[in-house]
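Please load the model in your viewer and keep the selection panel at hand. We will walk from one stop to the next, with a note on what to select each time.

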Amino acid sequence: MTFNNNSRLKYKASLKRNIYNSLFTFISVVFTILSILPLILLLSYVFIKGATQINLSLLSNLPEPPGDDLLNAGGIGNALQGTIIITLIASSIAVPIGVGGGIYLAEYARNGKFASFIRFGTNVLSGVPSIIAGVFIYGIIVSTKIIFNSTYSALAGGISLSILMLPTVIKTTDEGLKLVSDDLRKGALSVGASKFLTITQVTLPAAIKPITTGIILAIARAAGETAPLIFTALFSFYWFEAPTSILEPIASLSVLIYNFALEPYEAQNQLAWAASLILVSIILIMNIITKLWARKS
Amino acid sequence: MKGTLNPLLGKKHIMSNQIPKSKAPNLPESLYKLRQRPHSEKVVDTGFKDAVYLMASMVAVFLIAIFVVVFIGSIESMSRYGLKFLTTSNWNPITDEYGAFAAIYGTIITSIFSLAIAVPLGIGTAIFITEDILPRKLREIISVLVELLAAIPSVILGLWAIFVMEPFLRPLFALIHKKLGWIFFFSSEPIGAGIAPAILILSIMILPIITAISRDSLNQVPFRLRQAAYGVGATRSTTIINIILPAAISGITGGILLALGRALGETMAVTMIIGNSNNFSLSLFSPGYTISSMLANQFGEADGNQVSSLMYASFILMIITLTVNLAANWLVKRLSLKY
Amino acid sequence: MSSKFPKKNQNANNRRESKPTCISLQNVTISYKNKTAVRNIYCEIPKEKVTAFIGPSGCGKSTVLRAINRMNDLIEGCTLKGRLVFDGVDIYEKSIDPVEVRRRIGMVFQQPNPFPKSIYENIAFGARINGYTGNMDELVESSLKKAAVWDECKDKLNESGYSLSGGQQQRLCIARTIAIQPEVILMDEPCSALDPISTLKIEETIHELKESFTIIIVTHNMQQAVRVSDMTAFFNAEGSETGGSKVGYLVEFNNTQKIFNSPAQKSTQDYISGKFG
């Protein structure tokens, strides 16, 4: 007999296959721990270190230029304000274009040549390194002073972030609309609704959840981006004042963290941790909201 | 779904209900003043279509514009240094000599090493999440955690790398240098910022991508294949290695290449910890450069030929990442099994 | 035991059967999470015979079948109470290795599920992991011949298992199971996804296989049960008093002849005469 048919049914840990199996399970557990641990350590460090810096004036004060005061680096008020403004500028460009583009792909073009070309382009665009978006905006806006002769500005920063948001918004809109049942479209068309009405009143509301989720995630990602801002929005030690400041350099949490982390002064380093805590909290809250929201359905 | 239909169907209902009540004998035509679509509605309809068409085209416009702007910006440097730019690593704004070899080497070496660390860890984690080693609830928590951690901005990872990770690991690096210093990768004394900590922080960054995509690909493998393997008496490890992983390989490879693309272009965390030195060294403990960290470091203060050279470097980076992303697309199609 | 469950236990007497018992289900109750799927099954399945499980859909016959080689382990929250004795041991005891159980009790599934590998590898994979040391080419050939699919496969052994038709795929899956030489083969509605000609071929295969294997087949096709089986178990399901979901139970287990000619229970009579199901 070439088979081992005499084996009893009992589990024998010493069998080669069982040793392999246990080893395999063990390795996957160890790998999981190894891959999660650094990130948990990082998060807890940010929260502990950042929490010691939190005080009332943190959000209301301006940061002090490095070296001015060795003990006090000031607050992150204008950086938080700047992050919100830049993200708003980016969203007001990327969301309409992205949702519109997604609508075109899902509702009009469907599977045509143009649609597959744009979908391919969306994939390529989402793979473009974020710093390249900064280089692009530097080349087309900052260095040419094309917008009212201004160089580094909130507007330039916002536009560079919008390029990074665009693929995510298009993709989620396209995919969200594709999930809407065709019966719904047919139903609306059969009572005489135009395509425009069908989309705006029937299919878009039906797909609102995945689309909003995608937009929130895109915003969360944009809020944490640094690379495209360091030579488009630059940094500022002053408050943003509407509307003139939109054409001037602007502070942001992420650039503040980058700049102050590399300063040799302890006070500035501490402020970077405080800014990290605020930034991470904003981003994680946005992510958790989308997660909870997705779970509810 | 019903709720969304209401605004449309609701109106019609009210109308049809009214017919028998008030004007039953008459034709209901008079109730529908808008039987003929007004011109404005048609304008809105076609206008909307044209608008969203334009918006979709913006993707192509942006993409082409990025290439054109970066290419035009780099023409000056390209004509001046040509392919020598790729093989030399002088970077001297004073003598106006530029070569990106060290940065290109750094970009590739950090990405490949971080991939070598993150791929086994990520796939191992994905297997752990998709198998019934722990109760489903716990696995879901780990899975969500991985996704949340992917959302942490890279600048914060860089901050952590500078102040926590690198100081913590330096004794270990020093030990490796002492014991294995004869290997060229470990030949220099660890002095703080350098290629090795950059590799580690990059692997932490791309781990969630590999984990999430591998997890999704593993979940997509039909249950009947798992059944088939268990049915002929395979253990869990045999089932995963021989059946499940091969069936999910296209998605996993795509995820790995996507992570590679991300690693190649990743800027902030690397810039903050790699040491930013254009001196070429094989040792992982010495400071180095990547293309993106060079851009982050110098672009703000550069002018003239330096800007053009940085644009040239950007162009190279774009070509590399584009190639990787296209390869990802192609491989996913190529490797996908029929089942 | 029989005094407690008089109705459901009239089946255990296989006096006329010369073959000994292969698998014995003793008061088996299977639940998914908190929902009971089947309850209190007693059944003695004879060795080297074909046993058919019949009954209306949702009566839990597939669940019972999958419990026999611990395939339900793959479904989270599926638990089994009672004893399921094979080869002298309760296979649900803690010390039992489910992998070992599945090596001796093979299974053919409702949907053909070849591995995404070559036809040859589909057979060789199971044999190899079971520690087969003989000539692999011979094993592949003989298994495919026994499953009556050799003629269709012999010229394309290196092609994917998915290049075959549905019926051929299913016979490939049977060959794959034969190749690991189990003692028992479980078949979960093996013909439900197939055309009549493929069904006929698989039934012929079953006839040949029962010389050397104990076969348990779940089928919704009563003619098929009559054609292939020696013994038949009729399962039914009824809603609980509280109006919850249906719970399956074994109504009657006996010779196939007996079940179809003079069933002891009225519900069996109703079912085989097509009044419900």
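**Stop 1: a covered helix in chain C**

Start with helix 6 of chain C, which is mostly covered: 13 of its 14 residues are buried. Here a residue is buried if 20 or more other C-beta atoms lie within 10 Å of its own, exposed if 12 or fewer, and partly exposed in between, with C-beta atoms placed from the backbone. Helices (H or I, at least four residues) and strands (E, at least two) are DSSP runs, numbered from the N terminus.

Before you select more, note that this is a predicted model: local features need pLDDT of at least 70, side-chain atom pairs count only at pLDDT 80 or more, and totals for chains, interfaces and linings use all residues. Residues are numbered from 1 along each chain as its sequence is written, while chains are lettered from A and ligands numbered from 1 in the order in which they are written.

Now select residues 166-179 of chain C, which are helix 6. At 1.5 Å a residue (times one less than the number of residues), this helix should span 20 Å, and its end C-alpha atoms are 20 Å apart, which agrees.

**Stop 2: strand 7 of chain C**

Next, select residues 184-188 of chain C. Which residues sit on each face of strand 7 of chain C? C:Val184, C:Leu186 and C:Asp188 are on one side, with C:Ile185 and C:Met187 on the other. In a regular strand the side chains alternate between the two faces of the sheet.

Strand 6 (residues 105-108) of chain C runs parallel to strand 7 of chain C, with 4 bridges, and C:Met107 stands opposite C:Leu186. Strand 8 (residues 214-218) of chain C is also parallel to strand 7 of chain C, joined by 5 bridges; there C:Ile185 stands opposite C:Ile215.

**Stop 3: where chain B touches chain C**

Show chains B and C together. In this interface, 21 residues of chain B are in contact with 22 residues of chain C, where contact means C-beta atoms, placed from the backbone, within 7 Å. Select helix 8 (223-231) and helix 9 (236-265) of chain B, the elements that give two or more residues to this side. Helix 8 of chain B gives the most, with 7 residues.

**Stop 4: where chain B touches chain A**

The contact takes 76 residues from each of chain B and chain A. For the largest share of the chain B side, 19 residues, select helix 2 (residues 39-81) of chain B.

**Stop 5: chain A by itself**

To see where they meet, look for 5 residues of domain 1 of chain A in contact with 5 residues of domain 2 of chain A.

Notes
Contact = placed C-beta atoms within 7 Å. Pairing = 2+ DSSP bridges.
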